[in-house]
Amino acid sequence: VWKNCLSFIEDNISNQAYKTWFEPIEAVNLTENSLSIKVPSKFFYEWLEEHYVELLKSALTKELGKGAKLVYSIKMENTQGKKKSHTESIPSTQRSNVSAQSVEFKSSQKNPEFKNPFVIPGVRNLKIDSQLNSNYGFESFIEGDANRLARSASLAVSNKPGGTSFNPLLIFGGVGLGKTHLAHAIGLEVKEKFPDKTVLYISAEKFTQQHIESVRKNNRNDFIHFYQIIDVLIVDDIQLLSGKKGTQDVFFHIFNHLHQNGKQVILTSDKAPVDMQEIENRLLSRFKWGLSAELMSPDYQTRLSIIENKLYRDGVEMPEDVIHYLAENIKSNIRELEGAIISLIAHSSFSRTEVSIDLAQQIVKNYVKKTSQQISIDRIQQVVSEYFQLDLELIQSKTRKRNIVQARQLAMSFSKRLTNNSLTSIGKQIGKRDHATVLHACKTVDNLKLTNKEFKKFYDDIDRKLKET
Ligand code: ADP
Ligand code: MG
């Protein structure tokens, strides 16, 4: 029975995937409607469950009929020395989000609406769950000056994955500005245009966990192999690899393999490559091979469109003045903008009152209090120049007078700490300096804070003032 299953599986996935994931499996026992198989490790079991559960189901249902069961056991693990069993009832699985019909081999073939299958029967290719969120398509991503470059680069990559000079494509920018959304949009678009391509979205955090687990379970090679057969790899929040040397090494390996084979890599980060710390140089230099596109805070018009679009999609109406109020007051984080809208709607439906500007004010106040991200570089420069009673222009100027340099450095350091801007963008806005100058300013401020009492007082006063506003 297992042999038949294997040959069915072999016909449905790439040779490499088959060798990696199915050859090592041993069939151990067969009863009327259940087959027991032994897999090398828990990691292995989890991969099978995550990526091949549908394929296994189809194969087994074909052999043993509906109600067929698969029982996994895991070979002795060095750490625990115990044998674990997992039973999976074939027709019903809570873990996968595939519709019930897909369980049956034939119906999945017939049903054209069958979305995001683990496996498409008959296509000789590896099909894995791409982990994409279908809400994050290009159609729901509002274009504006702040995201135009990143968006059009993303579209270009989707049209020709691996075939542009944007490889890797690195999308970077502050929290809540749409990096994850764009990354998913690329994946979704590729799948739409090139259904045979294997796309995988993964957060750097999850990638790290998987890697650590694979080392623990002694199957790091399986882990690497899996990633090497992907056509379009999207790794979100790559800055989280900072300081994780082992994971960086493995990613370096995978990256090189994919890149050499013309596969597309898409990365996102909350920092520009120059600002990433504790990432190996050889990786950083590769990040810069392709295109780095920054997502900036959206302008007023874009914020308006985002709100209107969101309301439209949710079928909710809101008075014009409230919409304008939100767009004016929540500036540097689209996630917060959406959060405020949701909370407004919730409040008003709970208290059965119309959404009013008063309510909007209350809610925005809560949002502003909770996060420091509302503070802008302009605001910081203003507070600093008022505090030292200097002209704003002096801070912006090239003057190297000591007190002005110090004020400028403070403004830079606060901008780094309290806003989402990159060093590069802070430099641009504070007197057209480069990122190295800003980095130096941050370090100087941190030092002076510790060694100079007077300076520490300046720092704390300004900090307080900024938080009052
Ligand atoms: P990041 O990953 O940069 O922190 P996300 O991609 O998670 O940000 O975006 C935060 C929220 O804002 C998401 O719900 C996303 O859909 C929304 N969003 C971001 N940019 C846009 C945009 N240009 N148009 C519409 N919605 C957006
Ligand atoms: Mg994100």
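What share of the contacts in the chain with a separation of 6 or more comes from residues 24 or more positions apart? The share is 70%, a contact being two residues whose C-beta atoms, placed from the backbone, lie within 7 Å. The model is predicted: local features need pLDDT of at least 70 and side-chain atom pairs count only at pLDDT 80 or more, while totals for chains, interfaces and linings use all residues. Residues are numbered from 1 along each chain as its sequence is written, and chains are lettered from A and ligands numbered from 1 in the order in which they are written.

**View 1. The whole chain.** The chain has 21 helices and nine strands; these are DSSP runs numbered from the N terminus, helices being H or I with at least four residues and strands E with at least two. Of its 469 residues, 39% count as buried. Here buried denotes 20 or more other C-beta atoms within 10 Å of the residue's own, exposed 12 or fewer, and partly exposed the range in between, with C-beta atoms placed from the backbone.

View 2. Two strands pair if DSSP finds at least two bridges between them. Leu-30 is placed opposite Leu-35 in E2. E2 also pairs with strand E3 (residues 69–74), in the parallel sense and over six bridges; Ser-36 stands opposite Val-71 in E3.

**View 3. Faces of E2 and E3.** In E2 (residues 34–39), Leu-35, Ile-37 and Val-39 make up the covered face, and Ser-34, Ser-36 and Lys-38 the uncovered one. In E3, the covered face consists of Leu-70, Tyr-72 and Ile-74, and the uncovered face of Lys-69, Val-71 and Ser-73.

View 4. Five strands form an open sheet with parallel pairing, in the order E6-E7-E8-E5-E9. Strands E6 (199–203) and E9 (291–295) are the edge strands, each pairing on one side only. On average, neighbouring strands of this sheet are turned by 15 degrees against each other, direction ignored. Helix H7 (residues 179–193) packs on the sheet and touches E5 (169–173), E6, E7, E8 and E9; the direction of H7 makes about 165 degrees with that of E7. Axes are lines fitted to C-alpha atoms, for helices over the stretch in contact, and angles run from 0 to 180 degrees between N-to-C directions. Within the sheet, E7 (residues 232–236) and E8 (residues 264–269) run parallel and are joined by four bridges, with Val-265 in E8 as the bridge partner of Leu-233.

**View 5. Surroundings of Ala-153.** Ala-153 lies in helix H6 (residues 148–159). Ala-153 counts as buried because it has 22 C-beta neighbours inside 10 Å. Not counting residues up to four places away in sequence, Ala-153 touches Phe-166, Leu-169, Leu-291 and Ala-293. Ala-293 is 140 residues from Ala-153 along the chain, and their C-alpha atoms are separated by 7.8 Å.

**View 6. The shell around ligand 1.** Of the 16 residues around ligand 1, those that come nearest are Ile-142, Gly-178, Lys-179, Thr-180 and His-181; a residue is near if its C-beta atom, placed from the backbone, lies within 6 Å of the molecule. H7 and helix H14 (334–351) each supply at least two residues of the shell. Domain 2 (138–295) and domain 3 (300–370) each contribute at least three, the bounds coming from an automatic or database domain assignment.
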